[in-house]
Amino acid sequence: MGLVSSAGAAEGNVKVTPLGSHDGEFCSRDRALVFEDPNGTRILYDAGRTVAGPDDPRLGNINVILVSHMHGDHVGDQRIAKTNAGTCASPDTSVSTLPQSNSVDIAVKKQAKIVTGSEMPAFFAAKLKAAGGDAANSMLVRFGAERELGGVAITTVPAVHSNGVSPGFLTGPLAEHLKQAGVGASVGPPTGYVLTFSNGLVVYLSGDTGITAEQELVVKDHYGAQLVVMNIGDTYTTGPKEAAYVINDLIEPKAVIASHANEPATAGGELKQGTRTSLFRDLVKVPVYVPLSGQTMSFDSDANCTEGCD
């Protein structure tokens, strides 16, 4: 699938569509977001377990896939068969995608580029080839660099987390040795992303991270991120209080989308009180948007939500 040209694309809004496990809700395993540039380029971020494979009707065309790190809930070691199976707290993600991944399966079917940093591109190139895809569709962009695809500039930024590859993604004797030792293979540090869309909107995707100095020095001071997708799930990533500090004191964006809450944050599409998500919203000084699955939000170049936000 060819990438959309950036020629003439300077106006319009960026559309953001969450692809979660349950329609109209923000649930415990939800990670995946689709960003659509005004010129039509479509980017899937951290497909994880809540996209029902490459034939999920919500996907549409996908030009680029981003994977922040190799943990199963982000790259997709398993997935849903369809939406609304199981509960919002415990969705049914029983379809195994090993030893490939949900991300690779989608990339092969959609003929999309997988753009990652660290040592992940070589890993994904091998996986694409093994799945019958084109290894050249695994593309590198490391810290401080930039790659433009379909009129969207993409870079990786540091994340403080882990990035081991589970033995389940591997085959042969190495997989068995790692499994017995209780360790995973290393593909370098995890990343976040900064995307600059053709209308000028700059978006920071945190991946899974703790608080980092780069969130101020790089994400804010250099790139000037206006919209942030921020992990808030605690224990595995920043908790809601720490994430609020990142937003209020380090990045100071115009708006933020909550992510990776590790909880059934909504019921009937309404945010539940006493959740991590509600605490984060109450602590943050700028608008916080809850990513309700299947409901598209639109943002202008200044990160003002023009449609689809409560």
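Student: Which residues does R79 touch, not counting residues up to four places away in sequence?
Tutor: This is a predicted model in which local features need pLDDT of at least 70 and side-chain atom pairs count only at pLDDT 80 or more, while totals for chains, interfaces and linings use all residues. Residues are numbered from 1 along each chain as its sequence is written, and side-chain values use heavy atoms, with hydrogens and water left out. R79 lies in strand β5 (residues 78–79); strands (E, at least two residues) and helices (H or I, at least four) are DSSP runs numbered from the N terminus. With contact meaning heavy atoms within 4.5 Å, R79 touches R49, V51, A52, G53, D92, T93, S94, V95, T97 and N102.

Student: Which side chain of opposite charge is nearest to R79?
Tutor: R79 is buried, that is, under 20% relative accessible area with a 1.4 Å probe, protein chains only. A salt bridge would need a side-chain nitrogen of Lys or Arg within 4 Å of a carboxyl oxygen of Asp or Glu. R79 has none, and the nearest side chain of opposite charge, 5.4 Å away, is D105.

Student: Which elements do the buried residues of helix α3 pack against?
Tutor: Helix α3 spans residues 120–130, and its buried residues are M120, P121, F123, F124, A125, K127 and L128. These pack against α1 (72–75), α2 (102–110), β7 (113–116), β8 (138–140), β11 (164–165) and β13 (191–196).

Student: Which are the edge strands of the open sheet?
Tutor: The sheet has 7 strands in the order β9-β10-β13-β14-β15-β16-β19, with mixed pairing; two strands pair if DSSP finds at least two bridges between them. Within it, β14 (residues 202–205) and β15 (residues 227–231) pair in the parallel sense over 3 bridges, and V203 stands opposite L227. The strands that pair on one side only are β9 (147–149) and β19.

Student: What is the centre-to-centre distance between Y289 and F299?
Tutor: Rings of Phe, Tyr and Trp (its six-membered ring) pair if their centres lie within 6.5 Å, with planes under 30 degrees apart stacked, over 60 edge-to-face and the rest tilted; the count comes to 3 aromatic pairs. In one of them, Y289 and F299 are edge-to-face with 65° between the planes, linking strand β19 (residues 288–289) to strand β20 (residues 297–299), 10 residues apart. Both Y289 and F299 are buried. Their ring centres are separated by 5.7 Å.

Notes:
Buried means under 20% relative accessible area, exposed over 50%, partly exposed in between (1.4 Å probe, protein chains only). Lys and Arg count as positive and Asp and Glu as negative; His and the chain ends are not counted.
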